[in-house]
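Biologist: I would like to go through this one term by term. Could you set each value against its definition as we go?

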Amino acid sequence: MINIKRRVLIKNLLISSSATYLAACENSSNNSKDILSNKFPNIKLKMVTSFPKNLPDTDLPAQRLAKKIEKMSLGKIKIVHHAAGELVPAFEVFDAVRDNIADCAYTAPIYWLSKDKAISFFGCIPGGMTAKEVFIWLKQGNGQNLWDNLYSKYNLKGFPAGNTGTTMGGWFNKEINKLDDFMGLKMRIPGLGGEIINRLGGISVNLSGGEVISSLKLGAIDAAEWAGPWPDTIMGFHKVAKYYYGPGIHEPNTLCEFMINKNIWDNLPEEYKIIIENASYSSYLENMTEYFFNNARSLRVLKNKHSVDVRQFSDEIVKKFFIISKDIVKENSFNNTDYNNIYEDWKSTIELFNEYHKYSDNEYMKLRLRNS
């Protein structure tokens with residue numbers, strides 16, 4: 001009797017499970033038909049980037065993001081990719097997207113400080129947040145709202161779409177042992193990091209990726225900062241400079257963004273907005289982990305295969321970097337309402353994170369290194 005009841009129960013469960021499965025398939029089929037229907041128009045967007053074509057750490061992620069968006073939209077959103085110089089020069093993509101010359105871009109907010117100093121919070125702040133922290137601030141805190149309010153002034157909408165993580169301090173063709181070694185040093189370094197070099201007595205220069213290696217090789221500059229061991233190796237810095245310093249206190253993270261014209265964004269179906277947002281987030285996490293893993297491997301290659309002299313800055317230099325960083329960030333808040341509003345939220349978030357770091361990742365890493 002018990003066995004008969006058990007068989008009936010199993011049979012009913014199987015029938016029920018099959019019905020549930022078929023219903024799920026039917027709903028999935030209907031959803032696909034909705035997305036493929038005329039309810040969602042086919043659109044084509046022109047994407048420009050600030051990076052040389054097919055550069056593995058920057059332009060290839062831009063191409064991957066374009067493909068993600070196309071696949072997630074089942075082909076409804078087609079993005080045509082243009083590397084730096086193909087449609088507009090590397091440092092003109094901000095204006096190109098704002099003025100409808102291009103529809104969207106994969107670039108770095110660090111390039112647009114001349115447009116508005118407040119943009120620095122969404123690119124890189126010396127002595128500021130790490131790649132993990134800035135994403136948390138944008139996603140869980142008030143960061144994205146502040147970014148949206150700022151970019152709306154320029155007819156733009158931005159999303160985090162990549163991050164180098166903490167960069168190296170740069171390549172130098174002479175030893176940097178003390179603060180005086182920066183006097184007269186001509187260095188390729190953009191953003192607020194460049195302002196630090198200027199205040200140390202050096203001369204910052206902003207060069208695109210296509211110019212920096214040749215300039216260092218020919219002696220037009222004395223030093224150059226790019227990113228981390230992986231992209232630096234790809235660029236060939238180890239062939240033109242001997243000394244490699246880190247970490248890059250001036251650049252604890254370098255955020256890459258997916259930027260889109262706000263008029264276009266505002267008129268997209270809500271489903272398309274969700275696709276683009278989530279594709280950007282996916283791109284950010286993929287790119288950040290890609291950087292970390294390849295940086296770790298590349299640093300070992302630079303040291304063991306290419307005999308690069310990898311060093312850390314002295315305590316004197318590190319301390320001065322942090323002092324100047326805080327001074328610059330605070331000074332820029334004067335008489336700039338947007339900047340000051342973002343600064344206050346950013347600062348309070350860092351204080352919150354610092355309090356937790358004493359019992360979280362940061363303290364654990366110290367213990368692991370000490371006991372390795």
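Biologist: Which residues touch the most other members of the largest nonpolar core?

Modeller: Phe 121, Trp 137, Phe 172 and Phe 182 do, in a core of 84 residues. Helix 10 (residues 270-304) gives the largest share of this core, with six residues. Before we go on, this is a predicted model: local features need pLDDT of at least 70, side-chain atom pairs count only at pLDDT 80 or more, and totals for chains, interfaces and linings use all residues. Residues are numbered from 1 along each chain as its sequence is written, and side-chain values use heavy atoms, with hydrogens and water left out.

Biologist: What makes a set of residues a nonpolar core?

Modeller: Its members are buried Ala, Val, Leu, Ile, Met, Phe, Trp, Tyr and Cys residues joined through side-chain atoms within 4.5 Å. Buried means under 20% relative accessible area, exposed means over 50%, and partly exposed is in between (1.4 Å probe, protein chains only).

Biologist: Why is Thr 349 called buried?

Modeller: Its relative accessible area is 11%, under the cut-off, so Thr 349 counts as buried. Thr 349 sits in helix 12 and touches Met 129 and Trp 137, not counting residues up to four places away in sequence. Thr 349 and Trp 137 are 212 residues apart in sequence, with 7.3 Å from C-alpha to C-alpha.

Biologist: And why is Leu 369 called exposed?

Modeller: Leu 369 has 62% relative accessibility, which is over 50%, so the label is exposed. Leu 369 belongs to helix 13 (residues 361-370). Together with Tyr 364 and Met 365, Leu 369 forms a nonpolar surface patch of about 320 Å² accessible area.

Biologist: What makes residues a patch?

Modeller: Each needs over 30% relative accessible area and no salt bridge; nonpolar side chains (Val, Leu, Ile, Met, Phe, Trp, Tyr) are joined within 5 Å, and like charges within 9 Å. A salt bridge is a side-chain nitrogen of Lys or Arg within 4 Å of a carboxyl oxygen of Asp or Glu. Accessible areas come from the Shrake-Rupley method with a 1.4 Å probe, and for residues only the protein chains shown count as cover.

Biologist: How do you know that strand 9 and strand 11 pair, and in which sense?

Modeller: Two strands pair if DSSP finds at least two bridges between them. Strand 9 (residues 243-246) and strand 11 have four and run parallel, so they pass the test. Strand 5 (residues 170-172) also passes, with three antiparallel bridges to strand 9.

Biologist: Why do strand 7 and strand 11 stand at the edges?

Modeller: The open sheet has six strands in the order 7-6-8-5-9-11, with mixed pairing. Strand 7 (203-205) and strand 11 (309-312) each have a single partner strand, so one side of each lacks a neighbour in the sheet.

Biologist: What is the form of the peptide bond from Gly 246 to Pro 247?

Modeller: That bond is cis, with omega near -5°. Most peptide bonds are trans, and most residues other than glycine have a negative phi. Ser 307 is not a glycine, but its phi is positive, near 55°.

Technical notes:
Helices (H or I, at least four residues) and strands (E, at least two) are DSSP runs, numbered from the N terminus. Contact means heavy atoms within 4.5 Å.
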